[in-house]
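Colleague: Hi! Could you walk me through this one while I have it open?

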Amino acid sequence: MSESLSQSLPIELQPPLKKGELNVNHWIGDTWVKGDGPVFQVHSPYNGSLIGAGAAASSALVEQALTVAEKAFEHWRWVPIKERSAVLFQFRQLLLRDIDGLSNLICSESGKIFSEARAEILKGIEVTEFALSLQNSDQTQKLEVSRGVSCEFRREPLGVVAAITPFNFPAMVPMWMIPIALVAGNCLVWKPSEKVPLTALKIAELLKQAGLPSGVFTVLHGAKDLVEALCLNKRIQAIGFVGSSAIADKVYQMGAATHKRVLALGGAKNHLIVMPDAEPQMTAQGIVDSFTGCAGQRCMAASVLLAVGEQGNSAIESTLTLATEKASKMRLGFDMGALISSQSLFKIRGALERALASGSGSLRLDGRETPVPQGCEAGFWLGPTILDQVVAGSEAACDELFGPVLSIIRVPSLSEALTIQKSNPYGNAASVFTQSAAIADRVMKEAHAGMIGVNIGVPVPREPFSFGGIGLSRFGHGDITGMQGLEFWTQLKKVTSKWVMQSDQNWMS
Ligand code: NAD
């Protein structure tokens with residue numbers, strides 16, 4: 001890095017941990033329990049300082065937690081949905097009360113900027129509000145199907161279920177699952193990412209303050225071994241997982257082997273298709289917001305830009321010039337956050353160097369030179385980076401780099417753009433920038449993605465429209481939020497009953 005930014009950061013970072021201190025404990029039945037497994041550490045992406053440490057949960061602790069959760073389920077399942085919702089409503093209020101403190105915590109451990117941390121809590125609140133709306137909707141659909149005989153649906157909770165989450169949204173991704181699973185009557189065991197466990201402690205505290213009964217919500221910390229223990233444990237009825245595709249696939253297979261219901265969302269490589277008729281200012285802003293938001297560490301981030309038009313097309317060139325200018329003005333620590341770890345930084349820089357060395361891309365904007373905030377020189381920083389003339393099929397065009405790197409591939413036609421987009425095995429998001437409804441319609445129909453954007457760079461559906469991709473971005477069936485979330489976390493029963501004793505039977509019952 002060439003220089004530092006001297007302004008002080010607009011967030012309050014967590015203070016460094018005292019030597020030997022373990023501040024990450026497990027939440028089991030309203031009690032903080034010390035772990036008995038291997039110790040893990042949490043380093044702030046801002047400056048690399050040690051801000052958290054804990055001992056992972058051993059399999060004995062998992063069994064202890066599941067016993068507590070199973071006991072709680074015997075009570076929680078009978079609590080009417082309106083009473084369960086009252087607790088979650090209080091939780092929503094507490095999140096709003098503590099939103100600034102929680103945002104600072106999220107920034108400290110994930111490297112985000114304040115506005116991004118705040119926005120992810122607000123999205124978690126939106127899912128909570130969706131879960132709260134379920135108390136006002138009748139899911140039963142009762143109908144008289146024969147004389148005196150009626151059929152109805154019932155939705156029953158599954159029991160003790162688990163959520164396993166990634167580092168990049170310490171609050172939002174867990175809150176895709178927590179409110180819906182709890183309102184539906186389940187007891188949830190959450191294993192947050194070992195890279196961002198501090199937010200989980202605060203969420204457990206707020207749920208307790210909201211009045212959630214003991215054992216309904218559990219937090220267990222750990223990494224690979226704990227994930228395997230949860231996925232293979234027959235006392236857990238369902239697993240909601242979000243993370244990279246390789247681990248999502250593994251979780252899906254382990255869950256299926258033990259006859260669980262599993263929805264495992266995986267990684268992504270999202271494409272933006274930019275047409276020559278796209279509105280330049282809006283498109284340039286959409287491109288930059290998409291590939292730099294959360295420092296490119298989100299499963300909805302743009303990673304590949306398919307620039308459609310003959311080489312040198314002036315409309316495309318001016319949109320790309322605008323986008324490059326906007327990205328070059330971003331200040332690290334102020335407009336864009338840090339990468340999660342030195343390993344991630346190393347991996348992305350390696351991919352960049354390979355692209356340049358092999359001639360499969362040329363630098364349009366070099367984020368390796370972007371100034372870092374003063375005092376944060378030991379953090380994991382990379383500025384917005386744009387590779388142009390990227391070769392389709394190369395590493396930068398195909399692999400999920402998970403950083404603020406945009407690979408521009410030049411294509412002569414929309415058909416060529418769609419061929420490249422559809423050949424990618426992921427399928428989270430794809431967007432088109434155009435002023436033509438016919439082009440937008442073609443992309444909606446043909447693109448291989450679960451979430452499509454039209455003149456939107458990050459097409460995250462707002463509730464009640466559900467969130468989920470296809471292909472290697474999703475293992476299992478259905479989406480994770482909205483009504484599909486309710487379907488995932490409940491058992492659908494079909495009840496046929498006859499209470500009119502004297503009526504004739506006129507069907508097989
Ligand atoms: P990750 O796959 O490394 O970790 C996710 C979870 O799996 C964590 O809780 C982690 O402890 C656990 N885990 C890690 N390695 C494991 C192993 N070998 N065996 C068992 N469990 C293991 O993902 P991450 O780096 O924390 O998060 C980034 C990834 O998540 C990206 O690929 C991103 O696209 C994806 N993501 C997807 C979505 C989506 O909705 N599709 C949302 C957010 C993030």
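Colleague: What should I know before we start?

Modeller: This is a predicted model, where local features need pLDDT of at least 70, side-chain atom pairs count only at pLDDT 80 or more, and totals for chains, interfaces and linings use all residues. Residues are numbered from 1 along each chain as its sequence is written, and side-chain values use heavy atoms, with hydrogens and water left out.

Colleague: Helices, then. How do the axes of H2 and H5 cross?

Modeller: The axes of H2 (residues 81–97) and H5 (residues 172–183) cross at roughly 150 degrees and come within 8 Å. Helices here are DSSP runs of H or I with at least four residues, strands are runs of E with at least two, and both are numbered from the N terminus. Axes are lines fitted to C-alpha atoms, for helices over the stretch in contact, with angles from 0 to 180 degrees between N-to-C directions.

Colleague: And which label does that give the pair?

Modeller: H2 and H5 are therefore roughly antiparallel; the cut-offs are under 35 degrees for roughly parallel, over 145 for roughly antiparallel, 65 to 115 for roughly perpendicular, and oblique for the rest.

Colleague: Which residues meet there?

Modeller: From H2 there are Ile81, Arg84, Ser85, Leu88, Phe91 and Leu95, and they meet Met175, Pro179, Leu182 and Val183 of H5. By class, the contact has eight nonpolar, one polar and one charged residues. Contact means heavy atoms within 4.5 Å. For the classes, Ala, Val, Leu, Ile, Met, Phe, Trp, Tyr, Cys and Pro are nonpolar, Asp, Glu, Lys and Arg are charged, and the others, Gly among them, are polar.

Colleague: New topic: what is the strand order in the open sheet of three strands?

Modeller: The order is S6-S7-S22, with antiparallel pairing. Two strands pair if DSSP finds at least two bridges between them. S6 (143–146) and S22 (490–498) are at the edges with a single partner strand each, so one side of each has no neighbour in the sheet. From one strand to the next, the twist averages 35 degrees.

Colleague: How many bridges join S7 to S22?

Modeller: Nine, with S7 spanning residues 149–157; in S22, Lys494 is the bridge partner of Phe153. S6 and S7 pair over three bridges, also in the antiparallel sense, and Ser146 stands opposite Val149 in S7.

Colleague: What about the hairpin of S6 and S7?

Modeller: That hairpin has two residues between the strands, and Gly148 takes a positive phi near 75 degrees.
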